[in-house]
Amino acid sequence: MKSCPMKLCRLLCFLLTLPLHVMKITGLYGMYKRVFPLLAYNITFSYNDKMHETKRDLFRNVGTFANTDGTLRLLEIGCGSGANFKFYPHGCTVICTDPNPHFEKYLRMSMDANTHLTYDTFIVTSGEDMEEVKDESLDVVVGTLVLCSVSNVQQVLQEVRRILKTGGAFYFLEHVVSDPSSWTYFFQHVFEPLWYYLGDGCMVTRATWKDLEAAGFSELHLKHIQAPEVTPMIRPHIMGYSIK
C-alpha cells in the first residue's frame with residue numbers, strides 16, 4: 001500500500017534536489033566536499049557519545065588478531081576524522097584511507113588526541129582501489145559508516161579480502177535499509193535523493209548485510225541492531241566482523 005505514495009514522494013524529493021544535481025554535473029558540488037569534513041567532524045562527537053558502548057563492544061576483540069610478537073597492523077577505510085581511534089588497542093599501527101583529502105586536518109587532530117596508537121600513513125584513495133596497499137599485509141581492516149557511500153560495495157569487500165592476511169578480520173558498523181513494513185523504510189526511500197547530497201554520497205537504502213554474506217569470507221559474525229538515539233533515517237544498523 002505504501003509503494004505508490006512512496007514512489008510519488010520520492011519523485012517530488014528528487015525534483016526538489018535538481019539544483020544539487022546540476023551543481024554536481026557542473027563541478028560546483030566539489031565546494032561542499034571542502035565543507036563536509038568540518039560537518040562530519042562535529043557530528044562525530046554526538047554520534048560517538050550515543051554509540052560509545054556499541055563501538056566498545058564491536059572492537060573489544062580486535063587485539064586477538066595481533067601477531068605472535070604483539071604487533072597489529074590495522075587499516076581503516078573511509079577514516080574521516082578518526083572517530084574510531086580511541087577504540088583501537090594500545091600500540092597498534094594504523095593506516096588511514098579516505099577519498100576526501102580535506103579530512104586530513106581533522107584526522108591530525110584525532111591523531112594528536114590518541115597517542116596510544118602508531119600512525120603509518122594517510123592515503124587519499126577510494127575503498128574500491130587501494131592499489132598502494134600490498135596483498136595480505138594487514139591483520140585488521142575497519143569500515144564504519146563507509147559502505148553506505150562507496151560506488152561498488154562488492155568491489156570494496158574484494159579489496160578488503162585482498163589486503164587482509166589469511167585469518168585477518170574486517171570490522172564493520174553500517175546503517176542499513178529498514179524493514180519494508182516500517183515507516184522508516186518509507187522515509188528512507190522518499191528522502192534518499194536529498195540525503196545523498198547532504199551526506200556526500202550516502203545511501204540509506206542499502207541491504208549491506210547481503211553484500212557481506214556474498215563476499216566470500218570464511219566466517220561472518222553479524223547482528224542487526226537499532227542504534228540508540230540517532231535519527232530514525234539511519235537507526236537500523238548492522239555490526240560485526242568477518243574473517244578471511
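## Basis of the model

The structure is a predicted model in which local features need pLDDT of at least 70 and side-chain atom pairs count only at pLDDT 80 or more, while totals for chains, interfaces and linings use all residues. Residues are numbered from 1 along each chain as its sequence is written, and side-chain values use heavy atoms, with hydrogens and water left out.

## The chain as a whole

The secondary structure of the chain consists of eight helices and seven strands. These elements are DSSP runs numbered from the N terminus, where helices are H or I runs of at least four residues and strands are E runs of at least two. Along the principal axes, the C-alpha atoms occupy a box of roughly 60 × 35 × 35 Å. The radius of gyration of the chain is 18 Å, which agrees with the value near 18 Å for a compact globule of 244 residues. That radius is taken over C-alpha atoms, and the globule rule is 2.2 Å times the number of residues to the power 0.38.

Of the 244 residues in the chain, 49% are buried. A residue is called buried under 20% relative accessible area, exposed over 50%, and partly exposed in between, with a 1.4 Å probe and protein chains only. The accessible surface of the chain is about 12100 Å², and carbon and sulfur atoms hold 59% of this surface. Such areas come from the Shrake-Rupley method with a 1.4 Å probe; for residues, only the protein chains shown count as cover. Among contacts in the chain with a separation of 6 or more, 76% join residues 24 or more positions apart. Here, contact means heavy atoms within 4.5 Å.

## The second largest pocket

Rolling a probe the size of a water molecule over the atoms shows where empty space is left. On a 1 Å grid over the protein atoms alone, a cavity is a set of points where a 1.4 Å probe fits but cannot get out, whereas a pocket is an open set with protein on both sides within 12 Å along at least five of seven lines; lining residues have an atom within 4 Å of a point. The second largest pocket has a volume of about 230 Å³. This volume is the space filled by probe spheres set on the grid points, which are joined across faces, edges and corners.

The lining of the second largest pocket is made up of 14 residues, and Phe45, Asn48, Gly82, Ala83 and Ser110 lie nearest its centre. Helix α3 gives the most, with five residues. By type, the lining holds six nonpolar, six polar and two charged residues. In this division, Ala, Val, Leu, Ile, Met, Phe, Trp, Tyr, Cys and Pro count as nonpolar, Asp, Glu, Lys and Arg as charged, and the others, Gly among them, as polar.

## Two buried residues

Asn84 is placed in the loop between β1 (73-77) and β2 (93-98). Asn84 counts as buried because its relative accessibility is 1%. Beyond its neighbours within four places in sequence, Asn84 is in contact with Lys55, Phe59, Glu76, Val142 and Thr144.

Ser242 belongs to strand β7 (residues 236-243). With 0% relative accessibility, Ser242 is also buried. Residues up to four places away in sequence aside, Ser242 touches Gly168, Ala169, Phe170, Phe172, Phe217, Glu219 and Leu220.

Trp195 lies in helix α7 and is partly exposed at 24% relative accessibility. Although Trp195 and Met233 are 38 residues apart in sequence, their C-alpha atoms are 9.5 Å apart in space.

Thr205 is in the loop between α7 (183-198) and α8 (208-213), where its relative accessibility of 22% makes it partly exposed. Its contacts, leaving aside neighbours within four places in sequence, are Val177, Gln188, His189 and Glu192.

## Positive phi angles

Most residues other than glycine have a negative phi, and most peptide bonds are trans. Glu136, which is not a glycine, has a positive phi of about 45 degrees. Glu136 lies in the loop between β3 (118-124) and β4 (138-144) and is partly exposed, with a relative accessible area of 45%.

Leu145 likewise has a positive phi, near 50 degrees. Leu145 is found in the loop between β4 and α6 (153-163), and its relative accessible area of 32% makes Leu145 partly exposed.
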